[in-house]
Amino acid sequence: MAVNDKSQERRTRSLAMVKKLVASRTDMLSLFNKLAGKKPFKNEDEAIEILSEFSASLVDYTANAHFQLYRYFAENRERRSEVLEVADRIYPRIIDITQRILDFNDKYDSEDMRRAQIGQLEKDLSTLGETLAERIDLEDQLIDIFSGSGSIRAA
């Protein structure tokens, strides 16, 4: 296989990773909006059901980003210095944000916990929304440079 063929194959795989991440993120955001639209959570059973779906989607999205995209960098598969520069700059924030996402998920891990914490859900969703917005901004910086459609932006 020629060098250009290998390079093209890597680019095709990397773009497939990005598409999978964006699809997972879109699904999660759709459920986030569906849940947020139920405020002030007067129908507790409905809110808990949507929260359960959202939490599963949130974990899938977080794991997909970590095990697909960030592992790609950790395994030194990326060779473009401009992409590596952005990845190195944003990765520490991504790790911090991932922990905050996991903390949210742990708080609402079971139906009993969801019911016990439902009074805090509106505040927690607001905080999580800000966290997700920051993560998405960071990911978009990486996606832009990764796909060759952007330039390096300051964090």
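Analyst: Start with N105. Leaving aside neighbours within four places in sequence, N105 is in contact with S55 and V59. The model is predicted. N105 belongs to helix α3, residues 81-107.

User: Why is N105 called buried?

Analyst: The relative accessible area of N105 is 12%. Buried means under 20%, so N105 is buried.

User: What makes D45 partly exposed?

Analyst: D45, in helix α2 (residues 44-74), has 49% relative accessibility. Exposed requires over 50% and buried under 20%, so D45 counts as partly exposed.

User: How do you know that R115 and E44 form a salt bridge?

Analyst: Their side chains meet at 3.1 Å, N to O. The cut-off is 4 Å, so the pair is a salt bridge. R115 lies in helix α4 (residues 111-117) and E44 in helix α2, so the bridge ties together parts 71 residues apart in sequence. R115 is partly exposed at 32%, and E44 is partly exposed at 31%.

User: Why is the contact of D124 with K107 called a salt bridge?

Analyst: The closest N and O atoms are 2.7 Å apart. The limit is 4 Å, so the pair qualifies. The bridge links D124 in helix α5 (residues 121-146) to K107 in helix α3, 17 residues apart. D124 is buried at 13%, whereas K107 is partly exposed at 24%.

Terms used. Residues are numbered from 1 along each chain as its sequence is written. This is a predicted model: local features need pLDDT of at least 70, side-chain atom pairs count only at pLDDT 80 or more; totals for chains, interfaces and linings use all residues. Side-chain values use heavy atoms; hydrogens and water are left out. Helices (H or I, at least four residues) and strands (E, at least two) are DSSP runs, numbered from the N terminus. Buried means under 20% relative accessible area, exposed over 50%, partly exposed in between (1.4 Å probe, protein chains only). Contact means heavy atoms within 4.5 Å.
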